Amino acid sequence: MRLGLTPTAAALLADALRGSRKPLLRIVLLSAVEAAPVLAAGWVTAAALDQGFLTGRPGVGLAWLGLLGVLYLVRACAERAMFDSLAAVVEPLRDHLTRRVVHNTLRQATILGRDPGTASVSRLSSQIDAVRDLTASLLRTARPLAASLIAALIGLAGLDPFLAVLVLVPLAAAVAIFSWSVRRLTALRRDALVASEEVARQVGEVLAAARDITSLGAEEHAAGLVEAESDRARRSLLRIGRAVTLRIPVVLLGGYVPLVALLLLGPSLIDARTITAGALIGAAVYVAESVVPALQLMTGTVGGYWSQLGVLLHRLGEAAPELPPAARPEPTLDQFPETPDLTVDGLSFAYGAGAEPVLRDLSLTIPFGDHLVITGASGIGKSTLAALLAGIHEPTAGSVAFAGRPAATLPEGVRNRLVVLVPQEAYVFPGTVRDNLRYLAPQADDDAISHAVDRVGLTPLLARLGGLDGTVADPGALSSGERQLLALARTYLSPAPVVILDEATAHLDLAAEQVAERAFRDRPGTLIVIAHRAGSAARARRVLHLDGEAHLLTTNEVPVLSS
């Protein structure tokens, strides 16, 4: 362990701080400036006494003390400049931990099939916030503590090496004892956290099964289970309380023993002219004003913060560990033909393990260039099927495949280049019209954009918006139909060979809908339309009708496939 951190916790903290090297370097430099008064305190005190007050020259003594005052002003400026650097470390740390934990939790759910549960996700979120707060607190307390302690020891060594040894030996022993106690305290806090989580889990299970427990008359047994876990948590907290009391001998050994030694040996050393009176008082200043407060803070607040941080980092690392990358390389876009067929094989889907399937055992092939319209009553599963075909939902059973590759397993970048799904409520973002239209085709030039605009019937709206460089300041000010036209032009411009329109023309009038559908029918590629009007079905090559079962029909309604 590294000062009480397990390898898991240390690796997680190092990874979270990896992108903060520059602000951390600024913090180190500013901390050195902050420590300047501590470094100079003993020297200045000794000089003020030996060269000023004890020789009858109070002006010289006051001048030395004035120098110390200037250093404290410099320290105040450094402390003020520190806040931006602290924020530049703490906030990215929280964001990094959130991204990593969420990513790894989702990978566990998708790859290993582990359901994290809402309670666990909530607990992870609160633990990340706690790590952020503890890190900020440590940077505000442990950082100046360490800088002051190092500065005091350097100043003491420069003032008188013998006095420095007199202080350093018991201080080193105290620090060694403290390091051991931190490791033990961290382990105890980790056990206490696990015990508290077990209490919450046991209480949750009992409450969830309250009716069954009552009906079986098992109240005492259930209460015993909760009481056993609560007793374990109580014992863990008592062990922590006993371990915390070790801070008292650490402070006594590292701070007060050296101070008493200085006071006892000082007079004889002065009489022997080994040291001056100023040097003795300066050494006492270093110990009393820097070493003792540092030890008190280190064994109290800082030690508690550090052990809690170690526990939380370890739990985050355990709850959302890094998973090894998949052995099979992910497919790339160039591995797919330019004209991919879409194959549905034994497709079933239900929203939940105990829910009635929305789709059951559907099989069909949609060859490249097909124009398929999906019809059916509201709520029958048309939009669900559209999301499955686009690879947004993963089937409960069966598969949806592009050129033989399951859609749900494709990398997002590849899937987005193969298929575009346009929902009924179209999304338009603030920005120029050109940026909105080129969202799926960033390399498209103005000629290609103008062609798409003309084909889907966007030209009148484009003129009203001020052309391609016109600004959509408030997308909500556009009507639903206008947003749909912008989304349709954006989709027409995309390179995706498969387009799925999920009632994407529902807010257009009949004439505008016909223009848009004609544009996509003539566009090279596969067109799948979730229909809300009978005319859309009449214009299709094939119709898939959902009515609890799935019936694939030609445009003259001759059944060719049933599943």
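**Close-up views of a predicted model**

**View 1. Arg184 in a positive surface patch.** Arg184 has a relative accessible area of 40% and is therefore partly exposed (buried is under 20%, exposed over 50%, partly exposed in between; 1.4 Å probe, protein chains only). The model is predicted: local features need pLDDT of at least 70 and side-chain atom pairs pLDDT 80 or more, while totals for chains, interfaces and linings use all residues. Residues are numbered from 1 along each chain as its sequence is written, and side-chain values use heavy atoms, without hydrogens and water. Arg184 forms the patch together with Arg232, Arg239 and Arg242; patch residues have over 30% relative accessible area and no salt bridge, with like charges joined within 9 Å. A salt bridge places a side-chain nitrogen of Lys or Arg within 4 Å of a carboxyl oxygen of Asp or Glu. Helix H8 (residues 219–244) contributes the largest share of the patch, three residues, whereas Arg184 lies in helix H6 (residues 161–208). Helices (H or I, at least four residues) and strands (E, at least two) are DSSP runs numbered from the N terminus.

**View 2. Positive phi at Asp361 in strand E2.** Asp361 is not a glycine, yet its phi is positive, near 55°. The residue belongs to strand E2 (residues 359–366). Asp361 is classed as partly exposed because its relative accessibility is 48%.

**View 3. Positive phi at Glu503 in a loop.** Glu503, also a residue other than glycine, has a positive phi of about 50°. The loop that holds Glu503 runs between strand E9 (498–502) and helix H17 (510–522). With a relative accessibility of 18%, Glu503 counts as buried.

Terms used: Patches are made of residues with over 30% relative accessible area and no salt bridge: like charges are joined within 9 Å, nonpolar side chains (Val, Leu, Ile, Met, Phe, Trp, Tyr) within 5 Å. Accessible areas come from the Shrake-Rupley method with a 1.4 Å probe; for residues, only the protein chains shown count as cover. Lys and Arg count as positive and Asp and Glu as negative; His and the chain ends are not counted. The place of a charge is taken as NZ of Lys, CZ of Arg, CG of Asp or CD of Glu.
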